[in-house]
Amino acid sequence: MRLMLIEDDALIARELSLHWQTQGWVLDLCTTLKAAQSCVENHTETGGYELIVLDLGLPDGDGLEWLAQFRGRDRLTPVLVLSARGQVSDRVLGLQTGADDYLVKPFAVNELDARVAALRRRGQLTRGELLHFGRLSWLGGEGVAYSNGQTLELSPREFEVLGLLIGRAPRLLAKRNLMEALAEREFEASENAVETYISRLRRKLIGSGTAIRTMRGFGYMLVLHD
Ligand code: CA
């Protein structure tokens, strides 16, 4: 498990680092929001973090503002807020901003462990419908696809087609299978309709590092592309 801890309190950071290391987890420790941002950017291509633990009072800003921005790009990665701000209104605000859980300092490490375990169970359920290819991510459960961490603006049909292509990539997706899969989802699945979805998707994938190749008479392949 790879996780990120955003925490400027050296004692807490050290205690949690040691604790998680003994469990064999890979931890990226960030003491500022700026560092957290570059960690997130560096790990987008490798699928990101399984969990982010976020303090709120940080030297270069408020963790909640960072969280709001992060949630604009990533709705899936679980975020647990760890903060001394313990009023009901603080916790409500944290959860509304996009935290999946909120633990007030001072905290017991075994309570943190239990909450982390619960978040991981939930995360694994959602990740069942998570597909990656190159710099593309496709989140079935959320109905969102990302290219280089940016949301792709897709219609529901284009989203389905992209999911089918990524599911096969870089192998061939037979046109017939594509049409059958669309028909099962009650989308229009004529040859013309499929060609339209593909040509729209092709334009939207420009700059994604992937491209749709047509194998005339057979179907389509999603391939890596400079
Ligand atoms: Ca702090």
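Visitor: What makes the reach of helix 8 close to the expected one?
Guide: Helix 8, residues 191–204, has 14 residues and reaches 20 Å from its first C-alpha to its last, close to the 20 Å expected at 1.5 Å a residue. The expected span is 1.5 Å times one less than the number of residues. Helices (H or I, at least four residues) and strands (E, at least two) are DSSP runs, numbered from the N terminus. This is a predicted model, in which local features need pLDDT of at least 70 and side-chain atom pairs count only at pLDDT 80 or more, while totals for chains, interfaces and linings use all residues. Residues are numbered from 1 along each chain as its sequence is written, and side-chain values use heavy atoms, with hydrogens and water left out.

Visitor: Which residues of helix 8 are buried, and how do you know that they lie on the same side?
Guide: The buried residues of helix 8 are Ala193, Val194, Tyr197, Ile198 and Leu201. They cover an arc of only 135° around the axis, and therefore lie on the same side of helix 8; the arc is taken from the directions from the helix axis to the C-beta atoms. An α-helix has 3.6 residues a turn, so residues three or four places apart point the same way. On the other side of helix 8, Asn192 and Arg203 are exposed.

Visitor: Why is Ser147 called buried?
Guide: Buried means under 20% relative accessible area, exposed over 50%, and partly exposed in between (1.4 Å probe, protein chains only). Ser147 has 9% relative accessibility and therefore counts as buried. Ser147 is found in strand 10, residues 144–147.

Visitor: What is Ser147 in contact with, leaving aside its neighbours within four places in sequence?
Guide: Ser147 is in contact with Arg135, Leu136, Leu152 and Ser208, apart from those neighbours. Contact means heavy atoms within 4.5 Å.

Visitor: Why is helix 3 called roughly parallel to helix 4?
Guide: The axes of helix 3 (residues 63–73) and helix 4 (residues 88–97) come within 9 Å and cross at roughly 25°. Angles under 35 degrees count as roughly parallel, over 145 as roughly antiparallel, 65 to 115 as roughly perpendicular and the rest as oblique. The crossing therefore makes helix 3 roughly parallel to helix 4. Axes are lines fitted to C-alpha atoms, for helices over the stretch in contact, with angles running from 0 to 180 degrees between N-to-C directions.

Visitor: Which residues make the contact?
Guide: Helix 3 contributes Leu64, Leu67, Ala68 and Arg71, and helix 4 contributes Leu93, Gly94 and Thr97.
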